[in-house]
There are 2 protein chains.
Amino acid sequence: MSIEIVSEQRCHGGTQGIYQHASDATGGNMRFSVFVPPAAGDGKYPALYFLAGLTCTEETFIIKAGAQRLAAELGLVLVAPDTSPRDTGLDGATGDWEFGEGAGFYVDATQAPWSTRFNMHRYVAEELPALVEAHFPVDPSRRGIFGHSMGGHGALTLALRHPGRYRSVSAFAPIVSPAQVPWGRKAFPRYLGEDETTWRGWDATALVEDGHRFDGEILIDQGEADRFLEAQLQPERFASACRDARQALRLRMQAGYDHSYWFIQTFIDDHLRHHARALEG
Amino acid sequence: MSIEIVSEQRCHGGTQGIYQHASDATGGNMRFSVFVPPAAGDGKYPALYFLAGLTCTEETFIIKAGAQRLAAELGLVLVAPDTSPRDTGLDGATGDWEFGEGAGFYVDATQAPWSTRFNMHRYVAEELPALVEAHFPVDPSRRGIFGHSMGGHGALTLALRHPGRYRSVSAFAPIVSPAQVPWGRKAFPRYLGEDETTWRGWDATALVEDGHRFDGEILIDQGEADRFLEAQLQPERFASACRDARQALRLRMQAGYDHSYWFIQTFIDDHLRHHARALEG
């Protein structure tokens, strides 16, 4: 499990790096970014994973979210993978921003030909943490996860599928029920097949309905001026399922904010503090 | 003097906008960005102008510098113009990142054909402030200016050429003596002609040597791991001129930092506070 340094640059007293490696889960080269805060104490930090949305890469969050300043202060390592395998050469994998490269949806595909490469769930849940924990000063017992839009869906489903693996979870404008909205209903048949019962394992709302829980409060921020709110996001579906299941959820509707990283950077400090509280000590 | 809204988005309780307009100074359409903090008090804010470096646009600073959070708190309007006219159609204006489009050097060109369009000094010093002060809630008596690399050169020369126009000035990794380094010695003959005596009016170090002063302390941050430090930046030239002239300067060498916006975002808060102190009330 070796990694190659693409770049490492000083930032807020720490190091912002981009790395690449040969990935088993996705059958090709993957890139990810890591911010390591200034060295302090015993040098082991919690690792907070950020999953980005459709069309994004491992660079989007680190450039646009403004997270490093407070992460340096709080002592959080920030890890951001790419959103899918790249250069897959698969017919239909490029040219549509809602499916294929840049749109991995954090599932493990079961359908040919996607199942050979599009296994972002396994990549993010298993391969990437093993790699990060081998190469960076992080404490494997203190992981958090958050994300945006498709990546918010990824964060919620990973946290719900793997009890105990993450101490904290949050999301910005997440897709909370892909099985019920156009983005998911377009991508899931190709990745997962036509049997919709198999989709429930990749749908945060269905996971809560089916008994999965996260041991802690889930934080979600959602802009009210988000153009995807009504058709694709529908956070009330998840809120309703959490209410019925007594799953702790803090859903904050933010007046005037849209789906962009201007929205994310406005509330990033709240999310970092939410995670830091759960990841302390 | 009308402007067209390209986009306006909520950010940190204020508005991050991009605008375009027909420019007299540059003979074509120009874009600029404005961040307006949350409304408060009488609604008139100081305006802080940021000039970006080679290859950048009106979007670079607003996306990469992480300035809006503290600007919202301090009540600063942030204005960032593009770095040159665009779509000029002039032979030789594109294809070279060190000259022409994206490389206006904040001068008023005197040489054909560049003098028809490449008048970024007049644009930034006169046309843009008039436009901003007509359309945004800013106080014309409270302007500050800063910039990066080529834009640091722009900020220093504008502040030194126009006493009283700016209450505060600072720079990240500025070109302090373009007449003495390869970037300037390549661009200035084409914009300004072969007579090097005319270049002194566009060279911060020469301006100080020739008696120009800024009424206040100039702040400069410079990364020691900046790959352009020795050949292109040479801040000691400016420091030496300021020392001889008793011009107040605070030059901070920052160990480990390079020329990137990771460096800028690390020290942006210090610069915003430097300007806010001078721009208060």
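**Close-up views of a predicted two-chain model**

A search of the whole structure, which is a predicted model, finds 22 salt bridges over all chains. The legends below take up one of these pairs, then the sheet of chain B, and finally the interface.

**View 1. A salt bridge in chain A joins Glu133(A) and Arg143(A).** Side chains of opposite charge can pair when their charged atoms come close. In this pair the closest N and O atoms of Glu133(A) and Arg143(A) are 2.7 Å apart. The two residues are 10 residues apart and link distant parts of the chain, with Glu133(A) belonging to helix 3 (residues 120-135) of chain A and Arg143(A) to strand 6 (residues 138-148) of chain A.

**View 2. Nine strands of chain B form an open sheet with mixed pairing.** The strands follow one another across the sheet in the order 1-2-3-5-4-6-7-8-9. Strand 1 (4-11) and strand 9 (249-254) of chain B each have a single partner strand and stand at the edges, so one side of each is left without a neighbour in the sheet. On average, and with direction ignored, neighbouring strands of this sheet are turned by 20 degrees against each other.

**View 3. Strand 7 and strand 8 of chain B pair in the parallel sense.** Strands of a sheet pair through backbone hydrogen bonds, either parallel or antiparallel. Here three bridges connect strand 7 (residues 168-172) of chain B with strand 8 (residues 218-223) of chain B, and Ser170(B) stands opposite Leu219(B) in strand 8. Helix 4 (residues 150-161) of chain B lies across both of these strands as well as strand 4 (45-51) and strand 6 (138-148) of chain B, and runs at about 140 degrees to strand 6.

**View 4. Chain B meets chain A through 21 residues on each side.** The size of an interface is often given as the accessible area lost when the parts come together. Chain B and chain A bury about 1,900 Å² between them, 52% of it on carbon and sulfur atoms. Arg10(B), Ile63(B) and Trp262(B) supply 35% of the area that chain B buries against chain A, more than any other three residues.

**View 5. Polar contacts, but zero salt bridges, are found across the interface of chain B and chain A.** The residue pairs in polar contact number 14, both residues of each pair being at pLDDT 80 or more. Strand 1, helix 1 (60-64), helix 2 (68-74) and helix 9 (261-279) of chain B each supply at least two residues of the side that touches chain A, and helix 9 gives the most, with five residues. By class, this side of chain B has seven nonpolar, nine polar and five charged residues.

Technical notes: Residues numbered from 1 in each chain as written. Chains lettered and ligands numbered in written order. Predicted model: local features only at pLDDT ≥ 70, side-chain atom pairs only at ≥ 80, totals over all residues. Heavy atoms only, no water. Pairing = 2+ DSSP bridges. Helix = DSSP H or I, 4+ residues; strand = E, 2+ residues; numbered from the N terminus. Axes fitted to C-alpha atoms, helices over the stretch in contact; angles between N-to-C directions. Contact = heavy atoms within 4.5 Å. Buried area = accessible area lost by both parts, 1.4 Å probe. Salt bridge = Lys/Arg side-chain N within 4 Å of Asp/Glu carboxyl O. Polar contact = N/O pair within 3.5 Å; in protein donor to acceptor, adjacent residues only side chain to side chain. Nonpolar A, V, L, I, M, F, W, Y, C, P; charged D, E, K, R; others polar.
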